[in-house]
Amino acid sequence: MIKAGILGDQAERWIWWAIHTIEDGIQRSVQPRARAMGRLSLLFLAFLTPGAAIPVPPALRAFSKLHLSTSFTSHSAIAMKFTTHYIEQKVDHFGFNTDKTFKQRYLIADEHWRKDGGSILFYTGNEGDIIWFCNNTGFMWDVAEELKAMLVFAEHRYYGKSLPFGVNSFKDSRHLNFLTSEQALADFAELIQHLKTTIPGAKNQPVIAIGGSYGGMLAAWFRMKFPHMVVGALAASAPIWQFEDLVPCGVFMEIVTTDFRKSGPNCSECIRSSWDAINRLARTGPGLHWLSEALHLCTPLTNYQDVQRLKDWIAETWINLAMVDYPYESNFLQPLPAWPIKVVCQYFKNPDVSDAQLLQNIFQALNVYYNYSGQSRCLNISETSTRSLGSLGWSYQACTEMVMPFCTNGVDDMFEPSSWDLQEFSDGCFRQWGVRPRPSWITAMYGGKNISSHTNIIFSNGDLDPWSGGGVTKDITDTLVAITIPDGAHHLDLRANNAFDPKTVLLARSLEVKYMKQWITDFYASLRGKH
């Protein structure tokens with residue numbers, strides 16, 4: 001059952017009623033293992049620039065891939081019609097020695113907006129093109145009419161077309177110096193003020209921040225830092241505690257492992273055994289050639305560094321699958337079947353096979369992810385590390401303030417053991433950008449686990465999503481609420497309604513709307529009280 005604790009016993013009765021109502025109505029090149037986890041530091045991070053290789057954890061790279069893909073759309077039954085706008089923003093909101101500005105892009109959809117009793121749903125854009133988020137946040141479109149809402153999608157600085165220095169935005173750390181979450185939140189605040197002063201009827205309307213993943217973190221932080229701007233926030237799959245030692249560094253990969261273990265009795269065990277099998281085969285004379293042929297690699301393996309890249313690529317694939325383990329076919333990162341981990345685990349039923357057979361099974365499993373369409377002739381181990389401006393931006397953020405520790409031990413998870421080495425990660429960041437990470441800054445800035453003084457934030461997490469390990473999964477107060485979604489992957493609740501959605505996500509969405517309606521009601525009641 002979904003866990004929610006906003007209203008105590010009353011909430012439990014409401015959840016019971018809602019469940020039964022729904023049921024009635026529905027029929028990469030670094031030193032071996034010491035650096036591998038450095039590479040896992042926030043699934044958002046891709047390889048940086050040609051020839052550069054800081055130790056970015058596979059989890060971090062996978063995070064960024066979610067939002068750098070341009071092919072997938074969360075198809076809503078509602079046509080997504082929007083207009084594109086730009087606002088002049090200061091490059092530096094917190095200094096006074098420069099007046100330099102840039103154009104921030106934002107999108108507006110106001111078909112269902114009503115000036116009388118309406119609301120504004122404000123998407124806090126994250127590390128990618130804002131049109132991608134607009135097309136993949138079907139939840140907002142699905143509830144717009146019910147909430148009489150104007151939809152606003154704000155692009156994050158340094159992503160999409162919102163580039164403070166144009167083509168030079170990623171040139172060096174001097175140009176990237178203004179890529180921070182704080183500057184992004186200030187952009188959002190300026191934009192909301194602009195909307196309220198330029199759009200007739202918007203001035204006295206409640207604004208609700210909505211975001212997923214890093215965007216969910218921004219939504220929560222925006223409510224914390226600008227409570228006078230937004231009446232509440234929905235922070236979906238937002239790992240706001242994936243910093244310092246707020247959660248164990250191994251929790252992320254343990255959840256990935258759990259997803260595979262639950263999808264097949266020997267699935268995670270076979271994957272755990274595969275790393276040593278690869279190592280043993282690679283040490284033999286013809287081993288590299290055999291591995292290249294058995295895995296149908298586009299580029300043959302030639303040395304140990306290639307083998308390490310292969311293992312990192314495979315690990316990142318399992319992470320990606322855990323994040324997008326959706327109950328229906330999707331074309332998110334890759335064309336995938338429904339419940340793709342269950343499909344993958346069909347090839348890992350017997351752990352007692354030869355190394356050669358195990359690797360052939362690994363190929364079949366990889367083929368589900370990279371060749372479900374049957375159109376690929378070979379597997380490209382660089383495919384999950386596509387360079388783009390988006391990945392560059394995130395790599396800089398992960399090297400400065402978004403420092404997320406990851407580790408594995410090979411016992412509680414199905415990966416090779418790897419410790420989190422901050423110094424090594426820092427050295428790599430310095431070589432790449434000339435900057436050192438500040439691992440304590442996010443907790444100092446946004447409070448870490450000491451956030452009980454804030455109000456009106458919904459933290460939603462799917463229990464299949466490895467990022468839930470760094471998220472808020474229990475109520476903190478009556479108004480800082482956690483909704484846990486069984487059988488939910490990465491911010492599934494923000495996607496459009498789908499006939500194959502589990503009942504749990506339908507209930508989660510209904511709870512989210514219920515709270516948002518209450519915030520809107522409270523806002524207008526307060527407004528009437530002032531007059």
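Biologist: Which side chain is joined to that of Gln89 by a polar contact?
Modeller: The side chain of Gln104 is joined to Gln89 by a polar contact of 2.8 Å (N or O atoms within 3.5 Å; within protein, one able to donate a hydrogen and the other to accept it, and residues adjacent in sequence counting only if both atoms are side-chain atoms). This is a predicted model, where local features need pLDDT of at least 70, side-chain atom pairs count only at pLDDT 80 or more, and totals for chains, interfaces and linings use all residues. Residues are numbered from 1 along each chain as its sequence is written, and side-chain values use heavy atoms, leaving out hydrogens and water.

Biologist: Where is the place of Gln89?
Modeller: Gln89 belongs to strand E1, residues 83–90 (strands are DSSP E runs of at least two residues, helices H or I runs of at least four, numbered from the N terminus).

Biologist: Why does Gln89 count as buried?
Modeller: Gln89 counts as buried because its relative accessibility is 2% (buried is under 20%, exposed over 50%, partly exposed in between, with a 1.4 Å probe and protein chains only).

Biologist: With which residues is Gln89 in contact, leaving aside neighbours within four places in sequence?
Modeller: They are Lys100, Thr101, Phe102, Gln104, Asp187, Glu190 and Leu191, with contact meaning heavy atoms within 4.5 Å.

Biologist: Which residues are buried in H7?
Modeller: Among them are Asp187 and Leu191. Helix H7 covers residues 181–198.

Biologist: Turning to H11, what covers its buried residues?
Modeller: The cover includes helices H10 (267–283), H12 (304–323) and H14 (355–370). The buried residues of H11 (287–294) include Leu288 and Leu291.

Biologist: What follows H11?
Modeller: His296 does, with a positive phi near 55 degrees.

Methods. Expected span 1.5 Å × (residues − 1).
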